[in-house]
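Trainee: I'd like to take a close look at one part of this model with you. Could you walk me through it slowly?

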Amino acid sequence: MSHKVGYFVGSLSSTSINRVLSKALLGVAPDDLEFVEIPIGNLPLYSPDHDGNYPAEARALKDAISASDAILFVTPEYNRSIPGALKNAIDWASRPWGQNSFDHMPTAVIGASIGVIGTAVAQQSLRAVLAFCNARQMTAPEAYIHFTAEVFREDGTITRPETEDFLRAYMEEFREHIQRVLTVLPRQ
């Protein structure tokens, strides 16, 4: 059985190292996972004033999540938290109240940074938000990726075998997590 995985790249930067990481992850993912990026760059800022009449970009976001079996978050760390654009997308997707797109959704969190602690603090921040959204998070293995251009090529090629093996195992565990969650909580 294959699963459709929507993924978010938390950075809007055209030179995002997390976009490069996402390419690397897709390259080592199991063949039975199909990936579709869910764009977040054109969303207006969330306000409850829109709850009665969602703009087209926000409806498209919720539809893309709804069409997914699972969600992968690939995020940088900005000021010891997640980027505002990613938080904005989560706010849109989790509203209006009672229409939370992340409810019982299998999710995984990963991120890359040029710093040696990867995106550890941002991931903890994101996990707190996802817990409130009742997302079913993969809690292990954790993956705080120290990004270097020597290891990650722009096209997603990974040049260090140990890193490739780790990321392949991470994605295999994500597939297992998806299957476990969907066995108990099937998507409608």
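Trainee: Which residues line the second largest pocket?

Mentor: Happy to go through it, keeping in mind that this is a predicted model. The lining of the second largest pocket is made up of Lys87, Ile90, Asp91, Ser94, Arg95, Trp97, Gly98, Gln99, Asn100, Val129, Phe132 and Cys133. Two elements, helix H3 (84–93) and helix H4 (120–132), each give two or more residues to this lining. H3 gives the most, with three residues. Sorted by class, the lining has five nonpolar, four polar and three charged residues. The space in this pocket comes to about 180 Å³.

For comparison, take the largest pocket, with a volume of about 220 Å³. Its lining consists of Ser66, Ser101, Asp103, His104, Leu185, Pro186, Arg187 and Gln188. By class, that lining has two nonpolar, four polar and two charged residues.

Looking past residues up to four places away in sequence, Phe174 touches Val5, Ala70, Ile71, Leu72, Thr107, Ala108 and Met138.

In one of them, the side chains of Arg19 and Glu37 meet at 2.8 Å, N to O. Arg19 is in helix H1 and Glu37 in strand E2, so this pair ties together parts that are 18 residues apart in sequence. Arg19 counts as partly exposed at 26% relative accessibility, and Glu37 is partly exposed with a relative accessible area of 30%. Another salt bridge joins the side chains of Arg175 and Asp32 (3.5 Å, N to O). Because Arg175 lies in helix H5 and Asp32 in the loop between H1 and E2, that pair ties together parts 143 residues apart in sequence. Asp32 and Arg175 are also linked with Glu176 in a network of salt bridges.

Notes
Residues numbered from 1 in each chain as written. Predicted model: local features only at pLDDT ≥ 70, side-chain atom pairs only at ≥ 80, totals over all residues. Heavy atoms only, no water. Contact = heavy atoms within 4.5 Å. 1 Å grid on protein atoms, 1.4 Å probe; cavity = no way out; pocket = protein on both sides within 12 Å on 5 of 7 lines; lining within 4 Å. Points joined across faces, edges and corners; volume = space filled by probe spheres on them. Nonpolar A, V, L, I, M, F, W, Y, C, P; charged D, E, K, R; others polar. Helix = DSSP H or I, 4+ residues; strand = E, 2+ residues; numbered from the N terminus. Salt bridge = Lys/Arg side-chain N within 4 Å of Asp/Glu carboxyl O. Buried < 20%, exposed > 50% of the residue type's maximum accessible area, 1.4 Å probe, protein only.
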